[in-house]
Amino acid sequence: MAATESKLGARMAAQGGAELAAQAGAQVDGVVEGIVQGIDQGVVRGPGRDMEHEAAVQAVHRIEDVEIQEWLESLDSVLESSGPEVAAEILERLRAHATVAGIDLPFTANTPYANTVPARLEPLFPGDQELERRIKSLIRWNALAMVVRANRVEHNIGGHISTYASAATLYEVGFNHFFRARTEEFEGDTVYFQGHASPGIYARAFLEGRLSLQELENFRRELKPGGGLSSYPHPWLMPDFWEFPTVSMGLSPLMAIYQARYNRYLENRGMKPATDAKVWAFLGDGETDEPESLGAITLASREKLDNLIFVVNCNLQRLDGPVRGNGQIIQELESAFRGARWNVIKVLWGSEWDPILERDTEGLLVKRMGELVDGEYQKLVVSSGAYVREHFFGSDPRLLALVEPLPDEALRRLRLGGHDPRKVYAAYKAAVEHKGGPTVILARTIKGYGLGEAGEGKNVTHQQKKLNEDELREFRSRFGIPLNDSDCVEVPFYRPAEDSIEIQYLRARREALGGYVPKRSVRSKPLVLEHDDLWKEFFEGSEGREVSTTMAFVQMLRKMLKDAEIGKLVVPIVPDEARTFGMESLFRTVGIYSSVGQRYEPVDVNTLLYYKEAKDGQILEEGITEAGSMASFIAAGSAYATHGINTIPFFIYYSMFGFQRIADFIWAAADMRVRGFLLGGTSGRTTLAGEGLQHQDGNSHVLALPVPNLKAYDPAYAYEMAVIIQDGIRRMYKDGENLFYYVTVMNEPYAMPAMHGDVREGILRGMYRVRESQNKKAKLRAQLFGSGAILNEALRAQEILDTKYGVAADVWSVTSYKELYNDGIEAERWNRLHAGEKARVPYVTQCLADAPGVLVAASDYLKTLPNMIAKWMPRRLASLGTDGFGRSEGRASLRDFFEVDAKFITLATLHELFSDGKVERSVLDKAMKDLGINADKPNPVTS
Ligand SMILES: Cc1ncc(C[n+]2csc(CCOP(=O)(O)OP(=O)(O)O)c2C)c(N)n1
Ligand SMILES: [Mg+2]
């Protein structure tokens with residue numbers, strides 16, 4: 001550096017920066033760098049800047065160009081003589097040297113605002129570019145026609161044109177050259193399509209001959225005769241087509257990461273061969289603002305998921321306007337992903353820019369490209385070539401000179417990278433060949449590309465669903481659709497003849513890639529499930545030993561893991577709560593999955609239950625991420641379709657952090673026909689002691705109600721749970737039903753009774769009589785309904801009522817209010833539609849047909865649960881439940897506070913009898929006193 005220092009110092013003196021030059025020598029590079037950086041970052045500014053400093057800054061600017069040119073030329077010569085590795089090494093050393101010399105280099109994870117794959121390293125495009133352009137144009141047209149036609153028939157039916165319009169090239173390069181289908185020999189790539197781009201995906205399937213004209217015509221009108229197409233990717237509605245529901249934004253990136261990770265899990269556990277299959281996830285740039293989108297990107301790099309590729313369609317716009325009008329979303333995403341050690345490939349500029357960039361030997365153009373904020377770029381999209389010349393190139397005469405030979409129209413037509421198949425191909429190829437980590441492609445596009453006046457680049461484009469006649473003709477002409485002026489305004493769907501060169505090419509490409517995508521199929525074989533022994537011990541009870549249902553569940557899990565048929569298929573998933581649920585013994589027995597095994601000696605290696613990580617470990621210990629765990633649950637629970645492997649996930653978590661926190665993922669799982677068991681641990685507002693307001697769950701069974709294919713159970717006893725899980729595995733994995741289960745488990749220990757009589761049907765249907773009153777002579781009668789741990793309170797109330805008040809009560813275990821409710825509404829509906837025929841009787845009504853007395857229900861959840869089945873009961877129902885905020889307290893106090901304990905069940909029963917005129921007011925008064933109930937205690941619902 002000595003030579004540079006003296007040269008620099010001398011030149012500065014010669015150019016008038018005397019003061020600064022005097023400091024040359026040991027400090028000069030630091031000072032100069034500091035000032036230059038300060039200028040670049042805009043920090044050396046403001047009224048306090050004195051004249052001397054101003055002179056120094058001017059001096060730096062004067063020398064900057066010459067000096068920088070010299071450095072750039074040196075680098076070029078190293079690059080030429082020794083190659084990029086040596087050049088990179090020199091830069092790395094320079095950076096280290098500068099740091100040691102005390103230069104505070106600003107941290108940046110950004111590269112210049114340029115294509116990552118330089119033009120000179122671009123691979124040859126292997127396809128027929130012109131033909132692919134024609135095919136893509138037809139798809140563009142049909143996608144647009146689908147939305148425009150649907151909205152002509154039914155005003156406001158909606159649909160999106162501009163998302164696919166911006167993403168067409170990104171998808172078509174994928175379809176023609178990259179997305180490999182699932183075949184007998186190869187598992188296929190997995191593609192998460194951006195939900196709002198679905199019209200384009202349908203339009204392609206139409207050209208492929210996979211969707212009919214009728215189906216396209218009925219886009220967003222699925223209930224029409226002949227069927228239609230769902231608005232977005234919904235496997236529930238189109239189970240042979242869509243695999244992944246992606247339209248709730250932010251879910252698919254997270255699901256894709258965990259899917260890629262799960263693919264490796266299956267490989268490392270020897271359940272499927274290792275392949276180079278990829279998981280592709282297409283997202284919007286606006287979508288990346290969802291916390292889930294970037295929330296797990298470090299997992300992907302930590303796990304070295306080079307089977308994962310994100311493609312972010314950076315059209316710089318979201319629904320309302322620009323994603324980062326005042327900034328640069330692409331650079332922001334680049335630094336986030338690079339910081340997380342992803343391979344980032346930017347595809348910003350199309351081929352038309354290459355010759356201009358080549359002429360720019362000083363790097364001025366790339367510098368200029370990095371200066372504009374996205375709002376300015378958006379403005380350029382909607383502006384004329386003259387405006388582009390003036391406002392983009394016009395910032396510097398040297399830039400203007402670069403484009404001088406080009407007419408304005410050519411400037412307007414300089415394509416962006418995401419619309420240039422060659423650039424996109426180069427990026428995809430680099431992505432699939434990248435080893436050692438995940439790749440994100442940041443592709444710059446224009447929202448509403450090709451819509452012209454109808455919305456290209458405009459803020460309103462996301463909502464555009466209608467085009468006028470001129471706009472349609474314009475679009476037709478721009479993309480060369482063979483329709484005349486009058487035909488095209490009818491927006492007909494257009495498919496060339498089967499033997500046309502376009503259709504032949506498109507089919508040939510897909511054939512070469514193994515078949516069509518997206519396509520969902522189920523290839524797993526049903527399980528046999530002859531293993532009653534597994535469940536026997538739970539049917540027999542705990543012989544007086546006090547255990548919680550959580551402990552019983554863990555014991556079941558342990559047994560299932562040892563089972564010859566299902567043992568390998570069980571996937572325990574836990575978000576850093578294994579110890580909470582007493583599952584730590586499984587660490588040792590089946591191991592915690594780690595793609596690298598265990599590189600350290602665990603601190604507790606000398607203990608029996610040490611923390612064992614293993615490459616073939618079975619437990620997915622996800623750390624503190626319910627969303628990530630749920631994404632693993634989804635990958636494991638859909639493996640029967642994605643991989644043809646019947647893995648059975650058991651995801652156990654703090655129940656309050658389930659539906660309450662990640663219900664949208666659960667909804668997506670339902671849509672995806674995911675199978676498996678969600679276990680809501682430490683559940684119940686009063687059963688989880690001490691944890692207070694944010695942990696105590698009295699909500700989840702209510703929040704489980706809306707998910708149609710989810711069975712929700714709140715069992716009290718181990719045998720109930722065994723019946724539910726055994727039957728669940730049978731229904732899902734033997735009979736192939738598209739169900740999944742939510743079972744709450746609690747941490748309150750009590751003796752688990754043996755199963756008496758044939759109560760299986762009752763357990764599964766939602767209720768059965770668990771203890772009949774032995775007091776046959778009593779005149780006062782009652783039916784008590786308890787669920788989960790609160791069943792014990794009902795049983796205690798039964799005794800109090802019998803011994804103290806002469807009331808004979810039967811006790812029912814209500815295992816599922818959701819089942820009872822669904823059964824009731826189904827019967828009601830059938831009866832409404834079949835008036836005059838023999839009416840169906842809801843199961844609740846059947847159960848209580850001969851059950852005498854007043855009716856009282858108590859659960860650890862909101863009162864709405866029992867209330868919703870009350871109308872099918874023979875008489876009025878009194879409901880006790882835990883509406884309100886939780887408290888940090890012990891169980892007894894909590895149950896007293898929420899009025900769900902034996903005392904309050906007793907009081908409610910006596911009150912019902914009083915209301916019916918069966919007992920005197922004095923009995924009630926005395927009971928209040930005896931039971932120690934204060935009529936003026938705070939109302940738990942509002943306090
Ligand atoms: C979770 C969620 N919130 C809001 C929406 C509504 N929405 C649909 S598309 C859209 C804008 C999408 O912008 P971007 O992700 O940039 O995609 P683009 O259409 O620009 O490709 C919004 C807000 C949604 N689908 N999901
Ligand atoms: Mg966008």
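Mentor: Happy to; here is a walk around ligand 1 and the magnesium ion (ligand 2). This is a predicted model, in which local features need pLDDT of at least 70 and side-chain atom pairs count only at pLDDT 80 or more, while totals for chains, interfaces and linings use all residues. Residues are numbered from 1 along each chain as its sequence is written, chains are lettered from A and ligands numbered from 1 in the order in which they are written, and side-chain values use heavy atoms, with hydrogens and water left out.

Let's start with the metal. Asp285 (OD), Asn315 (OD1) and Gln317 (O) coordinate the magnesium ion (ligand 2) at 2.0 to 2.2 Å. Donors here are N, O and S atoms within 2.8 Å of the metal (3.2 Å for Na, K and Ca); water is not among the atoms, so sites may look incomplete. Along the chain, these donors follow the spacing D-x29-N-x1-Q. Asparagine 315 and glutamine 317 are both buried, meaning under 20% relative accessible area with a 1.4 Å probe, protein chains only.

Now to ligand 1. The side chain of aspartate 285 has an N or O atom 2.8 Å from an oxygen atom of ligand 1, and a polar side-chain atom of asparagine 315 lies 3.0 Å from an oxygen atom of ligand 1. The protein covers 77% of the 590 Å² of accessible area that ligand 1 has on its own (Shrake-Rupley method, 1.4 Å probe). Ligand 1 is surrounded by 18 residues, with Thr163, His196, Asp285, Gly286 and Lys447 the closest (a heavy atom within 4 Å).

How values were computed:
Buried means under 20% relative accessible area, exposed over 50%, partly exposed in between (1.4 Å probe, protein chains only). A polar contact is a pair of N or O atoms within 3.5 Å; within protein, one must be able to donate a hydrogen and the other to accept it, and residues adjacent in sequence count only if both atoms are side-chain atoms.
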